[in-house]
Amino acid sequence: MKVTILGSGTSTGVPMVGCRCRVCSSDDPKDRRTRASLLIRHAGRNILVDTSTDLRRQALREGLDRVDAVLFTHPHADHVNGIDDLRGFHFLHKEVIPCYASPATFEVVLAGFRYIFAELDGSGYTPLLSAHEVSDPFELFGLTVVPVPLEHGKSSATGFRIGRFAYLTDCSAIPDSSLRLLEGLDVLVMDGLRWTPHPFHFNIEAAIAAVEPIRPGRVILTHLTHEVLHSEQTRLPPGFEFAWDGLEFDVS
């Protein structure tokens with residue numbers, strides 16, 4: 001299974017519009033971050049985690065020519081508003097793309113994008129996506145996908161574990177019951193927004209502390225703001241690093 005970080009940035013992206021700070025002005029390409037999303041390749045299939053606002057740009061950059069399924073972590077705009085860009089993949093392979101998310105996430109997504117999931121009366125447009133509510137582990141293209149409930153400030157989000165890999169974006173706490181789902185990981189990609197605290201996200205210090213009970217082999221911090229220079233990963237403890245757009249790795 002090959003994993004690609006499509007986007008490693010927070011909701012504003014980096015550079016942020018109108019900003020001239022040291023990160024937004026950086027000439028390091030790893031400081032240029034599109035909105036957070038992930039691509040999993042397995043057995044000839046492509047699984048997206050979230051349809052970020054920058055999906056079209058990310059897909060063109062990676063040469064992505066098909067999407068076989070989508071996992072949604074939560075319904076915030078930076079994670080779902082690229083959903084319309086999935087139409088292009090449907091036009092190419094003529095298949096309805098299955099999407100998986102919690103009931104709470106679909107409640108919001110279907111309210112905003114029902115036209116792409118169901119034919120509206122008289123519209124003539126056929127469904128391009130199908131909605132599948134999940135809360136328990138399920139099978140997808142020979143992989144077992146384990147939803148991991150997370151706290152995202154006063155709301156919730158869903159992480160996903162596949163094999164010895166997990167992706168936990170947009171979270172401020174991991175319930176004890178979810179920690180038990182994360183034991184024995186080789187690679188964990190997780191929210192580590194910035195150096196300073198935030199009410200709805202782990203900051204870097206809190207992310208490091210949060211994974212101490214499960215001790216993954218490798219931790220990649222993502223959803224980074226313009227407060228974080230990639231070169232500052234030298235400040236991280238061993239086994240931790242910052243994500244960057246286009247980072248690829250293999251996991252089992």
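The protein chain carries 24 positive and 32 negative side chains, and the centres of these two sets are 4 Å apart. The model is predicted. Its chain comprises six helices and 14 strands, and 53% of its 252 residues count as buried.

**Overall dimensions**

- The radius of gyration of the protein chain is 17 Å, which agrees with the value near 18 Å that a compact globule of 252 residues would have.
- Along the principal axes, the C-alpha atoms of the protein chain occupy a box of roughly 55 × 40 × 35 Å.

**Contacts and surface**

- Among contacts in the protein chain with a separation of 6 or more, 61% join residues 24 or more positions apart.
- The protein chain has an accessible surface of about 11100 Å².
- Carbon and sulfur atoms account for 52% of that accessible surface.

**Cysteines**

- The structure contains zero disulfides.
- Cys 24 takes part in no disulfide, and the nearest cysteine sulfur to it belongs to Cys 21, at 3.7 Å; a disulfide would require the two sulfur atoms to lie within 2.5 Å.
- Cys 24 counts as buried because its relative accessibility is 7%, the cut-off for burial being under 20%.
- Cys 99 likewise counts as buried, because its relative accessibility is 0%.

Technical notes
Residues numbered from 1 in each chain as written. Predicted model: local features only at pLDDT ≥ 70, side-chain atom pairs only at ≥ 80, totals over all residues. Heavy atoms only, no water. Helix = DSSP H or I, 4+ residues; strand = E, 2+ residues; numbered from the N terminus. Rg over C-alpha atoms; globule rule 2.2 N^0.38 Å. Buried < 20%, exposed > 50% of the residue type's maximum accessible area, 1.4 Å probe, protein only. Contact = heavy atoms within 4.5 Å. Areas by Shrake-Rupley, 256 points an atom, 1.4 Å probe, with all protein chains shown as cover. Lys, Arg positive; Asp, Glu negative; His and termini not counted. Charge placed at Lys NZ, Arg CZ, Asp CG, Glu CD.
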